[in-house]
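Open your viewer and load the model. This tour tells you what to select at each stop and what you will find there.

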Amino acid sequence: LHESDTPPCAIIDDACNILYIHGHTGRYLEPAEGKASTNILEMARAGLQTALTNAILKIDANNPQVSFKNVQVQFNDGFLDLDLTVKQVLGHGRTKNLKMIMFQEHEVTKKKQLKGDRRISDKSGNKSQQVLKLELELKYAQENLQTTIEEMKTAIEELQSTNEELQSTNEEMETSKEELQSLNEESVTVNAELQSRIDQLSAINDDMKNLLDSTEIATIFLDIDLYIRRFTPKTTDIISLDAVDVGRPIKHFASNLIDIDLNTLSEQVLDTLVLKEVEVQTRDGQIFTMRIRPYRTVINVVDGVVITFEDVTERKQRELDLKESETKYRVLVENSPYGIHEIDLEGRFISINSAGLQMMNVEIEDDMIGTLYLDSVSKKDKKRINAMLQKAIEGQYSEFEFEGVHGDLFQSLFFPITTLKNKNTVMRLMGLTLYISQRN
């Protein structure tokens, strides 16, 4: 025995290369012929390699130490009897997965080997040393064969278990394949529906764009932070905008409007959620009706504001022209020496000028408005004048004389009162105008 209590041993890595040797291991290991190698399996002497290989293969987390007893190792012309132990070495990083190989040789065996050698030499008539060697080798071969058979059985069982697992995995894969096929079909259907929705949305967007472009109404859509979402081409006449300005805040842009802050007005609408309508004017004289209202989604969520500008310049000009014409007409009517009466289709007074009031001996116009015109003529003329009024309504102009309720004689001429129906050229009858002069 060695002076140390630890028997000869070697430390190997997970590739079976020797990293460290303790004690004298030459009786169990020797360098192999050919290229130099530190692989312990290649260096193991005859009889040791099989046991060493089996022990290393059986080491795992659940079996950290494996031992083989009475391993017969060929050395010189005889055999060594030893116990082989392989155990894991705990470590981390570079020292992980290391194993220690320990060789515990039986001291008694050495003596028996020497005595056996003498008996073989002394009793050459019994058995030769060569025959003993062959018998031992046969014994080791049988043991190795038995070990190999057991390992093969284990491997076959593992293969069968693996085959069952593979079969189960294959069935699961078939099921998964069917599920994937079903999901793929559903995906195709969903994609077709989504494509249809996209086509519909695209068509709706095209319709909306064409609608907004064709309305000739300047419109700006702002998001909840008053950033420009979109705008119609007509808007550029009021605010200098370009396609790249989408996504920028409205307060960054100056408009052509006089004394109007779009950002402040939009904030007020977002605060109150009430429509704001203002008449605005541009620096070049155009007049618009500006409306700012909350932008609501289909689920009635406020998500910004919509600003529209309706051009009312022409309408305002027509109103001014109409007022001017009406003023001129009223001046002429009031200053006319003829009595001018306007009656509606029911024959009631609409208006009377000053001369007309004097002819009827009435001082206040309001006393006559709404009363029947026929009440201002004598009873004997009512039927005749009513017939003439009906003819005038049908378009027949009439001139006649009649007697007032106070016995005065008057001469009258009827003209229809017409107005334009909407913006068409169709005229609509509103009543009659009577020009009356007093007979001397």
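**Stop 1**

Select Arg248. Its relative accessibility is 36%, so Arg248 counts as partly exposed. Is Asp245 buried or exposed? Asp245 is buried, because its relative accessible area is 8%, and buried means under 20%.

This is a predicted model, by the way. Keep that in mind at every stop.

**Stop 2: a link across the chain**

Next, select Glu279 and Lys316. Their side chains form a salt bridge at 2.9 Å, N to O. This pair links distant parts of the chain, 37 residues apart. Glu279 sits in strand 8 (residues 276-281). Lys316 belongs to helix 6 (residues 313-335). Glu279 has 47% relative accessibility, so it counts as partly exposed.

What links Glu279, Arg315, Lys316 and Glu319? The four are joined in a network of salt bridges.

**Stop 3: one turn of helix 6**

Stay in helix 6 and select Arg318 and Glu314. How many residues apart are they? The answer is four, about one turn of the helix. Their side chains meet in a salt bridge of 3.3 Å, N to O. Arg318 is partly exposed, with a relative accessible area of 40%. Glu314 counts as exposed, because its relative accessibility is 59% and the cut-off for exposed is over 50%.

A search of the whole structure finds 15 salt bridges.

**Stop 4**

Move to helix 4, which covers residues 129-214. Select Val190, which has its place in this helix. Together with Val190 they form a nonpolar patch on the surface. The accessible area of the three comes to about 260 Å² together. Val190 itself is partly exposed, at 41% relative accessible area.

Now select Glu178, also found in helix 4. Its relative accessible area is 56%, so Glu178 is exposed. Which kind of surface patch do Glu171, Glu172, Glu174, Glu178 and Glu179 form? These five make a negative patch.

**Stop 5: a loop residue**

Go to the loop between helix 7 (354-359) and helix 8 (379-393). Select Glu365, which lies in this loop. At 29% relative accessibility, Glu365 counts as partly exposed. Then pick Asn353. Glu365 and Asn353 are 12 residues apart in sequence. In space, the two are 7.9 Å apart, C-alpha to C-alpha.

What does Glu365 touch, leaving aside its neighbours within four places in sequence? Select Ser351, Ile352 and Leu357: Glu365 is in contact with these.

**Last stop: the whole protein**

Clear the selection and zoom out. Switch to a cartoon view. The secondary structure comes to eight helices and 15 strands. The protein has 440 residues, and buried residues make up 31% of them.

Now show the surface. Its accessible area is about 29,400 Å². Carbon and sulfur atoms account for 51% of that.

Finally, think about contacts between residues at least 6 apart in sequence. Of these, 41% join residues at least 24 apart.

Notes
Residues numbered from 1 in each chain as written. Predicted model: local features only at pLDDT ≥ 70, side-chain atom pairs only at ≥ 80, totals over all residues. Heavy atoms only, no water. Patch = residues over 30% accessible without salt bridge, like charges linked within 9 Å, V, L, I, M, F, W, Y side chains within 5 Å. Areas by Shrake-Rupley, 256 points an atom, 1.4 Å probe, with all protein chains shown as cover. Helix = DSSP H or I, 4+ residues; strand = E, 2+ residues; numbered from the N terminus. Buried < 20%, exposed > 50% of the residue type's maximum accessible area, 1.4 Å probe, protein only. Contact = heavy atoms within 4.5 Å. Lys, Arg positive; Asp, Glu negative; His and termini not counted. Charge placed at Lys NZ, Arg CZ, Asp CG, Glu CD.
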